[in-house]
Amino acid sequence: MAQEASSSTSSKTISLKTGDGEIFEIEASAAKQMKTVQRLIDDLGDDITIPLHNVFSKELPKIIEYYKKDITGEITKDFEAEFVKDLNDDEVKVLFLAANYLDANKLFEFLSQNIADRLESKSVEYVRKYFGVENDFTPEEESKLREERAWSFRGIKEDE
Amino acid sequence: MRRRNRINQLPDKILHRILSFLTTKEAVTTSILSKRWIHLWISVPNLNFTNITIDSIKSNNKFNESVYSVLASRDGAGYDLDGFHLDIQYVNHHFAYRRSFPHVVKWINIVVRRNLKHLNLNHDIDEPDTYDPERDAYLPQLPTSILTCRTLVSLKLSRFSVEGLLYVSKVEFGFPCLKTLYFDTIYFGCGRNFVLLLCGCPVLEDLQLLNSCQTLSSRQDSEAIQMFQSLTLPNLTRAEIMETLWSHFPLKALSTVKSLSLDTLKLNTHDQTDDEDDDEENPRQRTYIDIPIFHNLTHLKFKNSWGLVVQMLHHCPKLQSLELSKGSRHVREDELGNSAEEPELVPECVSSCLKTCTIRDIGGLQSELILPTFILKNARILQTMKVWSGWMQKKSEIEEKLSPCPKASATCQLFVH
């Protein structure tokens with residue numbers, strides 16, 4: 001539990017505890033960018049370790065890395081490309097859900113764009129799996145819909 | 001295994017954010033994910049038909065069918081539209097103007113009635129432009145319904161002509177919410193109408209004018225010239241005006257910008273029709289009577305007419321980055337005007353703010369090295385000076401002449417390409 005003695009708010013750090021019990025430090029100005037965290041700080045005070053039940057130790061450091069760059073105004077297209085370069089689709093999804101939970105708007109927008117880019121021209125079955133959607137169409141209903149929207153399905157890959 | 005949320009459990013509003021980054025065609029494909037998704041794409045507030053190629057009657061009909069069906073689905077639900085983006089590549093004029101455009105106009109007439117905020121219309125044709133006697137024009141006519149869309153926040157258009165507009169009352173012309181205006185190859189049959197339009201965009205922040213040509217006549221357009229000269233754009237932070245020939249252009253309307261790209265050869269403050277002996281081979285020294293102080297300008301890109309550069313530098317107290325180029329036109333020695341000798345006074349920005357400087361198209365004339373030398377000698381916090389030799393010029397010759405030059409900044413690095 002970190003108790004910072006510094007007087008200026010800009011150098012103050014906040015402690016965050018993930019759902020799997022690990023603790024990470026983040027600067028107060030970066031925490032401000034995550035509205036959920038800020039709300040918890042407003043309610044619980046900034047000396048308490050903020051619990052984040054739905055965010056885990058695998059993804060929080062990456063999120064902290066993003067906002068560390070953000071508060072110095074250094075986020076560029078190159079940085080963002082590098083940020084997601086080695087992440088697979090599932091890792092991006094996890095970050096996206098965390099950004100949504102944390103109400104971290106800038107990261108959320110960036111990851112939305114990245115997910116859209118990754119799903120471009122992927123098959124319908126892949127996208128269903130990715131989003132966690134259960135197909136509740138009958139085969140007849142589905143083929144009818146595909147026919148109606150035939151113009152939009154050109155160029156989309158089919159899963160084997 | 002930890003419990004994980006599924007994206008599908010998120011509310012519609014959140015899913016819209018992802019869908020809005022897809023093109024409309026891709027968004028429509030999500031309609032077969034499940035019953036919940038059948039109509040989800042419809043309320044995505046942006047329509048994006050980009051990377052479209054029309055090269056046959058079949059592709060033209062399919063594309064038209066798809067846009068109509070999308071618009072019909074949305075119209076049925078009565079949704080507002082935030083953005084409409086079209087980017088189409090046509091194989092020839094026939095497909096563009098006979099088969100496609102009449103429909104494009106219909107679509108635009110529909111979307112502008114939906115409180116549209118962002119409109120982006122681009123098209124290109126593989127054939128060179130030819131004169132169409134039926135339309136008496138080279139470029140397609142801009143749908144005038146766009147001009148009635150008062151909710152627009154950004155407007156980006158390329159390759160249209162705006163003609164046949166009667167003189168419009170000042171009060172109704174223009175976009176009161178418009179922050180971004182990009183015009184590329186837009187021809188106004190009547191220059192006055194462009195002035196009225198620009199004066200009707202008081203909150204403009206980002207202005208880009210590429211490849212346009214307009215003249216105002218002192219005799220016929222005196223009221224419009226007055227309006228133009230007194231134009232203020234207090235929120236303007238970025239302006240790019242290239243390959244654009246304009247008479248009476250008010251430089252001071254750009255005075256609040258942080259970033260400016262200017263092609264100065266073709267801008268002048270007087271009526272070109274007055275200069276009978278002023279032709280391309282003998283351009284008169286263009287002096288701006290009224291260069292404003294650019295209090296916020298940190299990035300300047302200047303093309304042509306280096307004679308103005310030093311004068312300009314005296315009006316940019318905070319300039320950090322300077323880029324100069326000449327363009328393809330060969331510049332004669334006497335055209336460089338003031339820069340035949342080293343300037344007497346060092347502009348404040350050069351000595352205390354300038355961090356990067358790029359100078360392109362340097363030829364063999366001694367006078368062309370005066371400016372880079374002057375900057376190197378006086379720019380105390382300069383970090384990078386990049387010099388590009390012109391296409392006939394050997395890089396090593398320039399390097400020989402510039403490398404020994406004394407540098408005011410100890411950390412300055414010189415690159416010659």
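This is a tour of the structure shown above, stop by stop, with what to select at each one.

The structure is a predicted model, in which local features need pLDDT of at least 70 and side-chain atom pairs count only at pLDDT 80 or more, while totals for chains, interfaces and linings use all residues. Residues are numbered from 1 along each chain as its sequence is written, chains are lettered from A and ligands numbered from 1 in the order in which they are written, and side-chain values use heavy atoms, with hydrogens and water left out.

**Stop one: where the chains meet**

Begin by colouring chain A and chain B separately, and look at the place where 38 residues of chain A are in contact with 29 residues of chain B (contact means heavy atoms within 4.5 Å). The two chains bury about 3,400 Å² between them, 67% of it on carbon and sulfur atoms; buried area is the accessible area, found with a 1.4 Å probe, that two parts lose on being put together, summed over both.

Next, select R17(B) and E109(A), whose side chains meet in a salt bridge at 2.7 Å, N to O. A salt bridge is a side-chain nitrogen of Lys or Arg within 4 Å of a carboxyl oxygen of Asp or Glu, and the count between chain A and chain B is two.

Now select α5 (89-102), α6 (105-119), α7 (124-131) and α8 (139-148) of chain A, each of which supplies at least two residues of the side of chain A that touches chain B. Helices (H or I, at least four residues) and strands (E, at least two) are DSSP runs, numbered from the N terminus. With seven residues, α6(A) gives the most to this side of chain A. By class, the side of chain A that touches chain B has 17 nonpolar, eight polar and 13 charged residues, where Ala, Val, Leu, Ile, Met, Phe, Trp, Tyr, Cys and Pro count as nonpolar, Asp, Glu, Lys and Arg as charged, and the others, Gly among them, as polar.

**Stop two: the largest cavity**

On a 1 Å grid over the protein atoms alone, a cavity is a set of points where a 1.4 Å probe fits but cannot get out, and a pocket is an open set with protein on both sides within 12 Å along at least five of seven lines; lining residues have an atom within 4 Å of a point. Grid points are joined across faces, edges and corners, and a volume is the space filled by probe spheres set on the points.

Select L119(A), V127(A), E26(B), T29(B) and T30(B), which lie nearest the centre of the largest cavity among the 16 residues that line it. This cavity has a volume of about 170 Å³, and the largest share of its lining, three residues, comes from α7(A). The lining divides into nine nonpolar, four polar and three charged residues.

Select L86(B), I88(B), Y90(B), F101(B), V104(B), L121(B), N122(B), H123(B) and F160(B) to see the lining of the second largest cavity, which has a volume of about 60 Å³. This lining has seven nonpolar, two polar and no charged residues.

Then turn to the second largest pocket, where about 480 Å³ of space lies. Of its 23 lining residues, S20(B), N46(B), N48(B), G83(B) and H118(B) are the closest to its centre.

**Last stop: a salt bridge in chain A**

Finally, select K12(A) and D47(A), whose side chains meet in a salt bridge at 3.2 Å, N to O. K12(A) lies in the segment before β1 (13-18) of chain A and D47(A) in the loop between α2 (35-44) and β3 (50-52) of chain A, so the pair ties together parts that are 35 residues apart in sequence.
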